[in-house]
Amino acid sequence: MPDASQEGRQAGRSAVDKALDLIEAVSRAQHPVRLTDLAAEVGLHRATAYRILLDLVRRGWALRAGDRYLPGAAVLRMSASAAGNSLTALARPVLERLSGRTALMVNLQVLEEGGSRVIDVVRPESLAMISDLRGEFLPVGRFAGPLALVAALETEARDRWLSRLPDLCGDTGQLRALIAELDEVERTGFAAEHGRDERLVTSISRAVVPAAGAPVCALTVVGPDAKFDRRQLVELYERELRAATDELVVALTTGSHTKGADR
């Protein structure tokens, strides 16, 4: 807890100062950091830090992984160094192994309002003809990644997220179809898209969820339709995707990868 001198400095800081202090502390951390450690580092009471972090997570400046925090999509877009020290750095070995085991392109996405953002990609030379979409915004109605992320939200958070989609709110049929698709993704744990945005390309995505209802990111495997034409291959991709997302959950919540990563 902050001592008396820290409390005095705390009283003299504005709400903006406190938020920026927390963003800076999260961004310079070498691994996902606990709330208690963040509060101590910036000289805030734990409850105060928690309230501010809730808003930072909502606005995309921080991501929550269990009881730890790391830079959000807004920070990653602004700071290459933050990206190098956080989510993309933790996920990159997982993406590379998953791509190697499936011979497919693999991308990492984070949730934004209306869809998701691709923040890292591993693409085999053999799939150079498929756009990697790095840095692109992907709307929820056309891609597997945002479907997986939205489906992993708690019901109330999902409803709020959907309510901010003006195009859908005016189209009851389209909204009903999307909700049914999200329910199916929640049931199976996987989202799939077959050529909806890019012909002859299929993708399967799974959210990385360290705490129930709070997805941090999604991993998506992408390849030609022909790579998904046999059920046993799809089962292989889903099995490898499940293992990769589980591995990333461990990395996010402990700051290190599991020894089984090189199985």
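Q: Ground rules before we start: what counts, and at which pLDDT?
A: The model is predicted; local features need pLDDT of at least 70, side-chain atom pairs count only at pLDDT 80 or more, and totals for chains, interfaces and linings use all residues. Residues are numbered from 1 along each chain as its sequence is written, and side-chain values use heavy atoms, with hydrogens and water left out.

Q: What's the strand order in the open sheet?
A: β6-β5-β4-β9-β8-β7, 6 strands with antiparallel pairing. Strands (E, at least two residues) and helices (H or I, at least four) are DSSP runs numbered from the N terminus. Two strands pair if DSSP finds at least two bridges between them.

Q: Which are the edge strands?
A: β6 (137-139) and β7 (191-194), each pairing on one side only.

Q: How many bridges join β5 to β6?
A: 3, with β5 covering residues 115-122. R117 stands opposite F137 in β6.

Q: Which strands does α7 touch?
A: Helix α7 (residues 87-102) packs on the sheet and touches β4 (105-112), β5 and β9 (217-224). Contact means heavy atoms within 4.5 Å. The direction of α7 makes about 65 degrees with that of β5. Axes are lines fitted to C-alpha atoms, for helices over the stretch in contact; angles run from 0 to 180 degrees between N-to-C directions.

Q: How do α8 and α11 cross?
A: Their axes come within 9 Å and cross at roughly 75 degrees. So α8 and α11 are roughly perpendicular, a label for 65 to 115 degrees; under 35 is roughly parallel, over 145 roughly antiparallel, the rest oblique.

Q: Which residues make that contact?
A: L147, A148, V150 and A151 of α8, with L178, E181, L182, V185 and E186 of α11.

Q: New topic. Is N107 buried or exposed?
A: Buried, at 5% relative accessibility. Buried means under 20% relative accessible area, exposed over 50%, partly exposed in between (1.4 Å probe, protein chains only). N107 is in strand β4.

Q: What does N107 touch?
A: Among others, L95, V118, D120 and T220, not counting residues up to four places away in sequence.

Q: Which loop holds A103?
A: The one between α7 and β4. A103 has a positive phi of about 60 degrees although it is not a glycine. At 33% relative accessibility, A103 is partly exposed.

Q: And where is L133?
A: In the loop between β5 and β6. L133 also has a positive phi of about 60 degrees without being a glycine. L133 is partly exposed, at 22%.
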